[in-house]
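Please keep the sequence and the structure in view while reading.

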Amino acid sequence: MDAHTSINDAPLRRSFLLHFDSDDYRAICFFWACVLYALFGSPTPDNFGFTEVLIAALLALSVGIGRGAQSLYGAEQHRFWKSAGQVFLIYGLVVPTIVAVISGYAPKAILRDIFPFLFIFMPLFLLPVLRAKPHYFRSVLCAVVLIGFVFALRSLVMRYDIHCAYMCRDELLYLENMPTVLFSCLICIGYGMRSLARGLTLRSVFVFTLLIAISLVPLAAMVVTLQRASIGAVIIYVLMVQAYYIYKSPVRGMNIFIFLVLAVLCLNISLRSVVLPLFEKTGAVGLNMRPQEFAAVWEVVTSHPLTFLFGIGWGGAFYSPAVGGLSVNFTHNFFSSFLLKTGLVGGIFCISYIVGLLERLMRVILKNFIFGLALCAPILIDLTLYASFKSLDFGLMLLMISGSLIYFRQSESYQRS
């Protein structure tokens with residue numbers, strides 16, 4: 001009977017496997033790359049070890065070599081952001097690389113700039129999968145929230161358990177700075193508030209309590225490390241979502257407000273204990289020398305006409321006032337960083353690509369205010385204040401802009417039908 005059963009089951013197994021096409025396998029590789037990245041990865045690794053190679057291999061499989069290139073530069077009609085991204089990708093792979101080789105930079109330094117550059121084109125590489133299977137966007141969303149939650153947990157463990165063998169690394173990870181940490185905090189708070197807005201039931205109260213409890217992990221990581229921009233974003237987000245629901249329904253908006261106050265009282269959170277250290281840090285470090293950093297970049301870029309046009313190339317470094325005058329290969333501003341590495345020409349392509357994506361982000365906010373606002377905060381912070389744009393996390397944030405639009409449009413078409 002066992003043999004007979006196995007024979008009859010064989011066609012079923014083959015039929016099951018045939019239901020998986022290349023998009024399914026690409027999505028599976030992408031999800032596992034995110035899981036490995038969350039558990040063992042480093043946002044900006046100093047060295048490329050087995051973990052980084054495995055994550056890179058899974059991401060390469062998720063993009064697909066032949067099909068990825070075909071979908072990237074296919075003959076289909078392109079939107080502005082995609083066309084700008086294609087031009088920027090070609091320019092960035094060619095011109096700054098040539099400048100780097102001529103300048104004699106170390107291959108390791110060049111690669112540490114090229115990989116983060118490729119990450120910002122995640123929407124170009126992986127959007128075809130989401131367009132073919134829009135429901136996979138939910139998997140992307142879960143993977144991003146997982147990364148943010150695990151990164152926050154790892155940050156807290158590293159801070160309070162320095163003897164933990166799993167967490168100990170020679171390099172500084174800055175996990176709490178990653179946009180996925182802030183996003184996971186905001187989306188949990190936002191969806192928790194939304195559950196109460198749909199009606200005051202036992203289920204909605206349970207969902208609210210659960211999501212608020214989950215959001216406390218990334219929030220704690222940001223508070224402990226005094227991430228001023230991120231904490232400010234959380235406060236502004238809660239106020240805007242609260243105002244949004246009061247505008248839609250004053251009664252339900254007040255219900256949300258009452259439960260938020262109860263949550264703060266139950267957690268015994270003192271706003272003074274949170275806000276006061278932030279003011280003390282601001283008084284001590286101010287704006288962390290961000291204006292002086294941009295002035296230093298401008299001085300380097302304008303030192304020669306060719307440097308002004310094409311930058312110093314991948315792997316190039318400069319003396320940054322923001323890190324005590326040390327020689328570093330990054331800035332804390334997305335646009336000044338690409339102005340430094342790719343010059344004025346690359347800066348124009350860079351701005352065109354990002355502005356196109358930000359226009360899509362505005363569409364996301366109009367379609368889903370809670371989600372769009374949670375996505376907007378970490379992206380804007382990384383573009384202007386943090387160097388976290390040199391990470392896979394930032395690429396995932398950009399991917400969710402266009403991916404969410406596809407998913408929301410499909411949901412709307414299902415509702416109409």
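## About the model

This is a predicted model, in which local features need pLDDT of at least 70 and side-chain atom pairs count only at pLDDT 80 or more, while totals for chains, interfaces and linings use all residues. Residues are numbered from 1 along each chain as its sequence is written, and side-chain values use heavy atoms, with hydrogens and water left out.

Leu265 lies in helix H12, where helices are DSSP runs of H or I with at least four residues, numbered from the N terminus. Because its relative accessibility is 60%, Leu265 counts as exposed (buried means under 20% relative accessible area, exposed over 50%, and partly exposed in between, with a 1.4 Å probe and protein chains only).

Together with Ile246, Met254, Phe257, Ile258, Val261 and Leu262, Leu265 makes a nonpolar surface patch of about 600 Å². Helix H12, which covers residues 250-267, gives the most to this patch, with six residues.

## Tyr37

Tyr37 is found in helix H2, residues 22-40, and counts as buried because its relative accessibility is 3%. The C-alpha atoms of Tyr37 and Leu54 are separated by 9.6 Å, although the two are 17 residues apart along the chain.

## Ser404

Ser404 lies in helix H18, which spans residues 392-416, and is buried, with a relative accessible area of 0%. Leaving aside neighbours within four places in sequence, Ser404 is in contact (heavy atoms within 4.5 Å) with Phe137, Val364 and Phe371.

How values were computed. Patches are made of residues with over 30% relative accessible area and no salt bridge: like charges are joined within 9 Å, nonpolar side chains (Val, Leu, Ile, Met, Phe, Trp, Tyr) within 5 Å. Accessible areas come from the Shrake-Rupley method with a 1.4 Å probe; for residues, only the protein chains shown count as cover. A salt bridge is a side-chain nitrogen of Lys or Arg within 4 Å of a carboxyl oxygen of Asp or Glu. Helices (H or I, at least four residues) and strands (E, at least two) are DSSP runs, numbered from the N terminus.
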